[in-house]
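Please keep the sequence and the model side by side as you read.

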Amino acid sequence: MTELKVNDVHYAYGGARALNGVSLEVNDGSVVALLGSNGAGKTTTAKLIAGALTPSKGSVLYNNETVSGLPVHQVMRRGIVLVPEGRQIFAQMSIHENLVMGAYKENDRGRIAELLEQRYETFPRLAERRNQLAGSLSGGEQQMLAIARGLMGEPRLLILDEPSLGIMPKLVQQIFELINYIAASGVSILLIEQNARASLEVASYAYVLEKGRIIMEGASSTMLDDAFVQNAYLGADEDEELEERL
Ligand SMILES: Nc1ncnc2c1ncn2[C@@H]1O[C@H](COP(=O)(O)OP(=O)(O)OP(=O)(O)O)[C@@H](O)[C@H]1O
Ligand SMILES: [Mg+2]
């Protein structure tokens, strides 16, 4: 069943057009990748879905209900949580406090404690350091914290905006394993990435966004074999050679 339906959304920052009619869908329980180069409009699309921006034209439907125009907290209540680009954790707060902030829809202390325990089980590194300032974590660990905080909101659909950006290769692999793990727990994922190969390996379907338009979409397996995608986003053989040398 279609869970998320983005319908021909347009958006401009002042006079600068960022999205010129973007449509995409995420089905229940699936992982969908949204690829595209810098400035393509990926983050803008994520913000429009999460309620941080309102489309000037078009709409966002979640479980057949229009959510575009609703404020972020109401979109979150319906089950959509965005883990923003650049993580945006609270560096001056402890890991524990950052996680508690994510449990925005819970007032029940017992339930929050339960959610925290689940996170600490999944993320032992965070459990060990729960009382340290979040700013003391490495970039990769901060990304784990940002994802863990997103999960505290008990999403049905998690939007991850460039979770592997600026993270060392060893941790990147862990992040993709984590994405698989979250998907296996039944949470749908819209994965925004520049690491096209790894994203296409976890996603079942993918869209390519360029200059505010979807220029291509299809099953991930088809995309991986596509000559255009290989040239433009997979960097074909060079990456593999580089990986072998590293
Ligand atoms: N706050 C803003 N004010 C003005 N223009 C903006 C703003 N945010 C984004 N833009 C512009 O909108 C376009 C789309 O930006 P967006 O951040 O959505 O791209 P992106 O695909 O997420 O890029 P990246 O891969 O670099 O994160 C770009 O041309 C960008 O310069
Ligand atoms: Mg972006």
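Let us begin with valine 172, which sits in helix 7 (residues 169-184). Helices here (H or I, at least four residues) and strands (E, at least two) are DSSP runs, numbered from the N terminus. Valine 172 is buried, with a relative accessible area of 12%; buried means under 20% relative accessible area, exposed over 50%, and partly exposed in between (1.4 Å probe, protein chains only). From valine 172 to alanine 18 the distance is 29 Å, C-alpha to C-alpha, and the two are 154 residues apart in sequence.

A word on the ground rules: this is a predicted model, in which local features need pLDDT of at least 70 and side-chain atom pairs count only at pLDDT 80 or more, while totals for chains, interfaces and linings use all residues. Residues are numbered from 1 along each chain as its sequence is written, chains are lettered from A and ligands numbered from 1 in the order in which they are written, and side-chain values use heavy atoms, with hydrogens and water left out.

Glutamate 162 is found in the loop between strand 7 (157-161) and helix 7. With a relative accessible area of 4%, glutamate 162 is buried. Its side chain makes a polar contact of 3.4 Å with the side chain of glutamine 194. Such a contact is a pair of N or O atoms within 3.5 Å; within protein, one must be able to donate a hydrogen and the other to accept it, and residues adjacent in sequence count only if both atoms are side-chain atoms.

**The magnesium site**

Which residues coordinate the magnesium ion (ligand 2)? They are Thr43, through OG1, and Glu85, through OE, at 1.9 to 2.5 Å. Threonine 43 belongs to helix 1 (residues 42-50) and glutamate 85 to the loop between strand 6 (80-83) and helix 3 (95-102), so the pair ties together parts that are 42 residues apart in sequence. Donors are N, O and S atoms within 2.8 Å of the metal (3.2 Å for Na, K and Ca); water is not among the atoms, so sites may look incomplete.

| Residue | Relative accessibility |
|---|---|
| Threonine 43 | 21% |
| Glutamate 85 | 30% |
| Aspartate 8 | 32% |

**Backbone angles**

Most residues other than glycine have a negative phi. Aspartate 8, in strand 1 (residues 2-13), has a positive phi of about 50 degrees although it is not a glycine. Glutamine 88 also has a positive phi of about 50 degrees without being a glycine, and its place is the loop between strand 6 and helix 3.

**Helix 10**

Within helix 10 (residues 227-234), Val229, Tyr233 and Leu234 are buried. Viewed down the helix axis, the buried residues fall within an arc of 75 degrees, so they line one face of helix 10; the arc is that of the directions from the helix axis to the C-beta atoms. At the N-terminal end, aspartate 226 caps helix 10, with a side-chain oxygen 2.9 Å from the backbone nitrogen of phenylalanine 228. Glycine 235 follows helix 10, and its phi is positive, near 55 degrees.
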